[in-house]
Amino acid sequence: MNQVAAIALNTFRETIRDRVLTVIVLFALVMIVAGLWLGSISLEQQGRMMKDFGLVAVTVFGVIVAAFIAATLVRKEVEKRTVFVLFSKPVSRAAFVVGKFLGLAATLAAVVGGMGLFLFVLTLLVGGGASGMVLVATALIYLQVLTVVAVVVFFSTVTSAILASMLGLGVFVAGQLSHNVLSLSRVGAGAITEAVSWVVFVVIPNFNAVDVKAAAVGEMTVDWGSVALWAGYLVAYMAVALAAASFVMRRKEF
Amino acid sequence: MSPTSPEAQHLVSLSGVTKTVHVGLRRRPVTILRGVDLAVEHGDVFGLIGPNGAGKTTTVKVLLGLMAPSGGSVDLRLRGLGAVGYLPENPYFYDYLSGREFLSFCARLFGLGAGERKARADRLLRDVGLEAAADVHLRKYSKGMLQRIGIAQALINDPHLVLLDEPMTGLDPIGRLEVKRIIQRLHDEGRTVLFNSHILADVEELCTRIAVMKGGRIVWGGTVAEALTDSPEGLEAFFMRVVGDERPGVSGDERARVPGGEPDEVAGDGQPEVAAGETPS
């Protein structure tokens, strides 16, 4: 446990000090502020436009940071032999994987949480009334981003950093659409198609089910029971991805 | 000869260790180690030398458990890794950590408390001459400084056995001198050091015993004094005699003049080897 905490803290320090991260976050904040301008040209819709645009910016930049930093960080340690230093000490492969994930989770909590809080304050000051739903939506965006991190950590144990990032982004995009696969399969499809659709639906994380951005801007109500269920599914999904990454690492020879 | 005889007091002993990896999509088998017999005694400064692709780094990795042997046995009496320190070849450390933070991180991996972590980091920074750069980020370190912080991390657990993979590679003369001084001090402190190197002058200067590897086998082992008795002109000449000169025009008879070894062991069987750093599947 001490090793996991040490690796997590080290990963957090290493990533939070990276200037690339600072640049990305600053750009994201500029995009969120740009929502003010969009709001100003939308008649009587300033607050709604700002929240909508801001939450999309939080999602997009959170996922980009997750996909690229997670892949680079894990793969770099393998390719540049830093893992030799770690594994010659009493550090298990699973501790390495979990420590890296938790460190990245802490970094992304700062990044996504910071952006969400910035948006919340902005809506409070100029957006025509803040809504606690902005913070709730940010928390659920964070959950999606963490799932992408777990997926990318897994892929970076088996492939290159750039491919792991791309696959992570691909899973995120597919996860936005996975509920459509199930819907389509029910329109006059056979039993086999429906079964395959179910498999795809389970294997690709259903991010859409925990997306409450529309509710945050007042466009719909939320079935919280369903959100909680799907949030639990994402947590389980992360656990499986990390277990798979640990398994691959344990079998890996350096 | 010691590297092939299972005597007592061996801190490290490899017996008939083989390693075959499978590379590429077709999982082509490539043998890297072909029966390595090696023994390192307590207090040795042991030099493992050989041409590129001889299997030196793989031998160290097998010793550390980073790779599992395909055959043979590995007896590391200090099996609890707490008693072993390791510096890989050309390592990358964390760019955005300071030297002090990095050492503290390594100490924490051994479960040391905050006070002990600080004390050891301070002592090692002083020992490797990096006190002044203790709070500078590692990305601003020179190669020599990185090598010294690498040695410091290998010593953070106060190990009995220190394994250094090419510790002098890429260093300028001052950097080499600093690393040599550190190795000499480790020896004076009674630690056992095993290192790989291509720089034979350093091996001659530092080592008490050496083993020469070629084609995945140990083809010669003994003390530096024995090697110099064989080749009074120096270790470089001895090395060339043992491993042979594979340049075009050098005869097989010349290559086969091996003190204490079978000629066919030295010549090898011409199978491809996995170069250092190539990832086996």
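Helix 5 of chain A (residues 93-126) supplies the largest share of a nonpolar surface patch, five residues; helices here are DSSP runs of H or I with at least four residues, numbered from the N terminus. The patch covers about 530 Å² and is built from L117(A), V121(A), L124(A), L125(A), V126(A) and L135(A). Patches like this are made of residues with over 30% relative accessible area and no salt bridge, with nonpolar side chains joined within 5 Å. V121(A), found in helix 5 of chain A, is partly exposed at a relative accessible area of 38%, where partly exposed lies between buried (under 20%) and exposed (over 50%), using a 1.4 Å probe and protein chains only.

This is a predicted model, so local features need pLDDT of at least 70 and side-chain atom pairs count only at pLDDT 80 or more, while totals for chains, interfaces and linings use all residues. Residues are numbered from 1 along each chain, chains are lettered from A, and side-chain values use heavy atoms, leaving out hydrogens and water.

Now for the interface. Chain A and chain B bury about 3,000 Å² between them, 56% of it on carbon and sulfur atoms; this is the accessible area (1.4 Å probe) lost on putting the two together, summed over both. The contact (heavy atoms within 4.5 Å) takes in 29 residues from chain A and 32 residues from chain B. Two salt bridges cross the interface, each a side-chain nitrogen of Lys or Arg within 4 Å of a carboxyl oxygen of Asp or Glu. One of them joins E253(A) and K19(B) at 2.6 Å, N to O.

Notes:
Patch = residues over 30% accessible without salt bridge, like charges linked within 9 Å, V, L, I, M, F, W, Y side chains within 5 Å. Areas by Shrake-Rupley, 256 points an atom, 1.4 Å probe, with all protein chains shown as cover. Helix = DSSP H or I, 4+ residues; strand = E, 2+ residues; numbered from the N terminus.
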